[in-house]
Amino acid sequence: MTHNRQNGYVLIAVTRVLLLLWLLALVVFFASRWRMRSDVTSDGLYTLTGSTQKVLSGLKDRVLIEAYLTPDDKLPEAVRDVRRMLKNCLDEYVQLGKGKVDVEYLDPQSDNAIKEKAERLGIKGQQLRESGAKAFSIVEIWQGMRIRYGGSKQKVIPFFGFSPATSYYEGLLTPPIKELSVETKPKIGVLAFPTEAGGGNPMMGGRGGGQPQRFDKVREVAKGRYELTDVDLNEGKLVPDDVKTLLLIRPKNLTDRQKYALDQFVMRGGKLVVFCDTVEYQIGKQRDLNSNPVGYDAPDSRLKFVDMLAQWGVRTDEKLVSDGLSGVQEQFGYVTQGYFGNQLAMLPYPYCFHAVDKDWGEADFVKLLAEDGADEAKLKAYRSFKPGIDKDNAFLKSYAQGLNGRGPGMFWPCRVELEERDGKPTLPEGVTGSVLMRTSPVAMTEPPPPSVNPFGSPYGTLRDRETAIRRFFNEYSARINSENRQQFGLMVGLSGTFPSFFKGKAIPPRKKPEEPKKEAGDPLAEPIKSDPHNADSQPTSASQPTSVQGPPNPADQAAKDAAEAKKKEDEKDKDPAFLEVAPKTAQLVVIGDSDLIRDDLIGDDYAQEGPYSGQVGARFFSGLLDWLGEDQDLMELTNKKVTTRVLTYTSQTGLKSNQDLEEVQRAEDRKASRLRLAVILGPIVLVLGAWALIGLSRASAKKAFLASVGGR
Amino acid sequence: VFGVLFLLVIGYLTYSLDPNTAATMQLFFTFVPVLFAIFLPALAMRLWAEERKLGTLELLMTFPVTVPQLILGKFLAAFLLLLLLLVLTLPYPIVLSIYGNLDWGPVILGYVGAMLLASAYVAVGMLFSSLTREQIVACLLALGTLFFLTIIGHPAIQIKMGEALPDWVIAFFSAISPFTYFSSITTRGPRLARRDLLRALRGDHPLRERARPAGQEAQGVMP
């Protein structure tokens with residue numbers, strides 16, 4: 001009986017355990033089948049942006065990402081963990097691709113056939129220095145990708161870096177996928193005028209020194225996703241209808257007819273981007289930096305381009321802008337005399353600078369001024385300074401977050417503002433706009449100096465160079481210190497229904513190529529010329545009624561055909577109806593510099609320029625096109641916000657100007673150390689205190705008990 | 001003593017407030033599984049083994065409570081003590097957030113993960129405590145098991161093991177290690193799913209890519 005009961009207990013226990021295991025197996029099975037993922041980081045660090053989601057959801061064909069990667073176990077320890085982020089990111093692509101995206105991992109270091117294939121594709125291993133316990137060693141790292149779309153199109157990324165941020169890999173992957181999957185590229189018109197003065201600098205290994213510069217390299221950057229087409233406005237032509245965005249780069253010698261073409265392009269709702277330059281400084285073989293004025297208008301032009309911009313609400317002038325704040329300036333390299341002989345030094349240069357993401361109304365120097373008891377009027381003016389970059393703008397937002405908050409480098413820029421009266425913008429009715437980039441308040445404008453070369457004669461000695469630099473900066477300081485502190489606009493953006501500049505003005509006629517002069521003959525035999533502007537205003541000789549009877553004469557038939565063809569040609573050349581006001585919203589962006597996208601600067605072929613990277617200008621150009629609505633899918637990609645989460649104990653604005661930074665750092669270290677000790681020991685003291693209290697309480701209870709039972 | 005030692009070790013090893021470094025609790029949550037594996041057996045060893053050794057288990061069984069209630073009671077006692085210790089580490093993220101704009105989402109999820117991990121480890125500790133009369137034996141058995149289960153899920157250890165063991169063994173270790181799941185919560189580590197297991201069985205484990213023969217890759221046509 002007892003034995004049977006025991007057997008029953010065992011059976012029940014075994015059954016329960018088996019049931020439990022079965023239940024657990026079910027949970028594991030369903031959990032692995034339906035995965036739920038959640039990104040709880042406030043910045044959505046591990047979530048692919050809406051841009052990528054849009055691109056992947058629009059895929060019509062399959063994408064295969066071939067990842068040529070060094071295996072994790074062969075990676076240096078420092079980057080091994082970071083590799084996981086790449087794989088997570090690729091996994092996200094697969095998940096979001098819903099069967100349209102697949103990833104294949106290939107190891108070129110273990111299989112020669114794979115290695116050879118990778119090399120054929122242009123993917124190559126890079127040497128990486130690894131610091132071991134005792135010595136440094138060099139390891140070869142492969143980290144490249146081939147993205148294939150639909151079996152026929154492909155894009156290769158030869159090598160990319162390691163980053164703990166998903167956004168880095170997203171920025172690498174999504175644009176090529178978009179580029180491969182797009183069926184028709186948006187068409188963007190380009191009307192660019194090359195520089196006349198030279199660029200580049202052969203002195204320090206640059207190429208193309210002294211040669212006029214074009215704007216082709218940025219086009220290379222953007223050509224994957226856009227069709228950039230040259231727009232010809234000569235011979236009275238208008239902007240083609242299929243061009244919705246027009247880039248007018250460094251306008252020069254514009255005729256009235258060309259201005260009319262631009263005007264009507266805006267009136268038709270086009271997006272016009274103007275890269276202005278009032279003056280260009282040649283970077284000759286000896287880096288002379290002598291000025292060469294850029295005239296916007298052709299010599300025989302009656303109408304001024306700046307007046308046309310003013311009609312639309314943009315004010316620009318012929319002055320040169322410079323920024324005296326060294327923190328925002330670009331640097332020039334130059335050779336100087338050091339302790340160990342000649343060495344390269346860096347010189348901040350006020351005519352090349354960046355707009356930066358800083359609210360200048362809240363800048364440290366304004367606060368210090370307030371503490372020092374500056375006069376109220378001055379302080380009020382200082383507090384009205386605006387941020388250097390308009391962070392509300394979807395395009396420029398990304399500059400505020402990355403690149404140390406710096407906008408693109410501006411080289412010898414000119415001023416671009418909104419038309420205003422009494423400090424308030426006076427824009428045409430139906431138009432809104434804002435200044436998108438500004439200088440720091442330590443800026444000034446001046447008529448373009450004949451030379452902005454701080455280095456003096458290239459034939460002088462190093463001492464002469466030092467003297468020239470001192471003189472240049474002394475003179476510059478004297479000029480800027482005599483000015484009131486003020487900011488100047490560098491880029492404006494407007495949109496709305498712009499009024500035509502040609503309203504109430506004579507419309508410039510088309511200029512047709514001159515017809516070859518005919519020999520003098522019977523004047524009655526000459527055809528009647530039509531009005532060049534209004535082709536069908538007068539009847540042509542071919543359109544005269546005829547009263548010929550009988551079978552058609554072959555000669556007459558030929559003349560009739562020719563007349564028909566001419567009529568068709570005239571119809572084609574006829575201007576569309578003149579628009580006085582844009583019936584639909586147009587967009588106008590004016591940037592006070594074109595050098596930032598010049599070939600020599602984009603290609604980093606601008607020797608001695610210090611840390612400036614031309615890629616910033618290229619990125620600016622590419623982002624600008626995306627912003628203009630041609631490819632808003634990718635805007636979110638560049639604007640992903642990542643909050644800085646760094647431990648700081650001293651507010652930067654709380655620093656006094658005369659405080660020793662090393663001392664501040666030491667104080668911070670001391671504070672951190674004390675705080676850490678308190679945070680670690682605090683809970684321990686609490687536990688020990690509670691322990692002591694419980695012990696005392698127990699002792700007292702024991703004592704009370706013993707007393708109650710008559711013990712001691 | 002257990003609590004003081006735990007707080008001292010975890011605070012000393014994982015907590016940093018160095019200026020200009022990232023305000024994150026990632027290191028803390030990386031160490032939590034290992035420290036739990038070391039400290040929890042000491043806490044759980046007494047739960048049943050001591051009762052059996054002192055002969056108080058029989059007395060306990062005479063109380064008007066059922067066996068599941070007893071088990072649950074002992075489990076909760078150990079679990080709540082651990083929970084209290086985790087609560088005592090809350091000043092760490094609070095101070096970080098004051099001086100460094102801490103992202104609370106992963107931290108809260110990390111604590112939730114640590115609670116779940118603690119409950120699993122307490123259960124394992126209780127199992128070994130119930131198997132023997134000797135506390136020290138129960139402690140060593142639990143320590144060995146938990147430590148083994150923890151480290152076999154660590155990517156660095158898996159890479160080392162991968163040099164000697166077949167992929168499916170590595171995948172199996174990943175599947176049974178609590179570290180795999182805990183790290184996927186706190187640091188978004190490798191998530192192991194059925195798909196990954198199948199890939200591993202095909203010789204394509206995500207944690208350890210092996211070179212494929214060139215002939216196997218897609219040539220010209222999408223797979």
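Visitor: Why is A:Phe160 called buried?

Guide: Buried means under 20% relative accessible area, exposed means over 50%, and partly exposed lies in between, with a 1.4 Å probe and protein chains only. A:Phe160 has 2% relative accessibility, and therefore counts as buried. A:Tyr169, with a relative accessible area of 1%, is buried too.

Visitor: Before we continue, on what do these values rest?

Guide: This is a predicted model, in which local features need pLDDT of at least 70 and side-chain atom pairs count only at pLDDT 80 or more, while totals for chains, interfaces and linings use all residues. Residues are numbered from 1 along each chain as its sequence is written, chains are lettered from A and ligands numbered from 1 in the order in which they are written, and side-chain values use heavy atoms, with hydrogens and water left out.

Visitor: What makes A:Phe160 and A:Tyr169 an aromatic pair, and of which kind?

Guide: Rings of Phe, Tyr and Trp (its six-membered ring) pair if their centres lie within 6.5 Å; planes under 30 degrees apart count as stacked, over 60 as edge-to-face and the rest as tilted. Over all chains, the structure holds 27 aromatic pairs. In the pair of A:Phe160 and A:Tyr169, the distance is 6.2 Å centre to centre and the planes are 80° apart, and the pair is edge-to-face. Elsewhere, A:Tyr349, A:Tyr351, A:Phe472, A:Phe473 and A:Tyr476 form one aromatic cluster.

Visitor: How do you know that A:Lys505 lies over the face of A:Phe501?

Guide: A charge sits over a ring if NZ of Lys or CZ of Arg is within 6 Å of the ring centre and within 35 degrees of the ring normal. A:Lys505 lies over the face of A:Phe501 at 4.1 Å from the ring centre. A:Lys358 lies over the face of A:Trp360, at 5.9 Å from the ring centre.

Visitor: Is A:Lys98 buried or exposed?

Guide: The relative accessible area of A:Lys98 is 74%, so the residue is exposed. A:Lys98 is placed in the loop between α3 (77–97) and β2 (101–106) of chain A; helices (H or I, at least four residues) and strands (E, at least two) are DSSP runs, numbered from the N terminus. Its phi is near 50°, a positive value in a residue other than glycine.

Visitor: Why is A:Asn253 called partly exposed, and why is A:Lys252 called buried?

Guide: A:Asn253 has a relative accessible area of 39%, and is therefore partly exposed. A:Lys252 has 10%, and is therefore buried. A:Lys252 is found in the loop between β11 and α7 of chain A. Contact means heavy atoms within 4.5 Å. Leaving aside neighbours within four places in sequence, A:Lys252 is in contact with residues including A:Phe193, A:Glu196 and A:Tyr296.

Visitor: What makes α6(B) roughly antiparallel to α7(B)?

Guide: The axes of helix α6 (residues 91–100) and helix α7 (residues 104–131) of chain B come within 12 Å and cross at roughly 180°. That crossing makes α6(B) roughly antiparallel to α7(B). Angles under 35 degrees count as roughly parallel, over 145 as roughly antiparallel, 65 to 115 as roughly perpendicular and the rest as oblique. Axes are lines fitted to C-alpha atoms, for helices over the stretch in contact, and angles run from 0 to 180 degrees between N-to-C directions.
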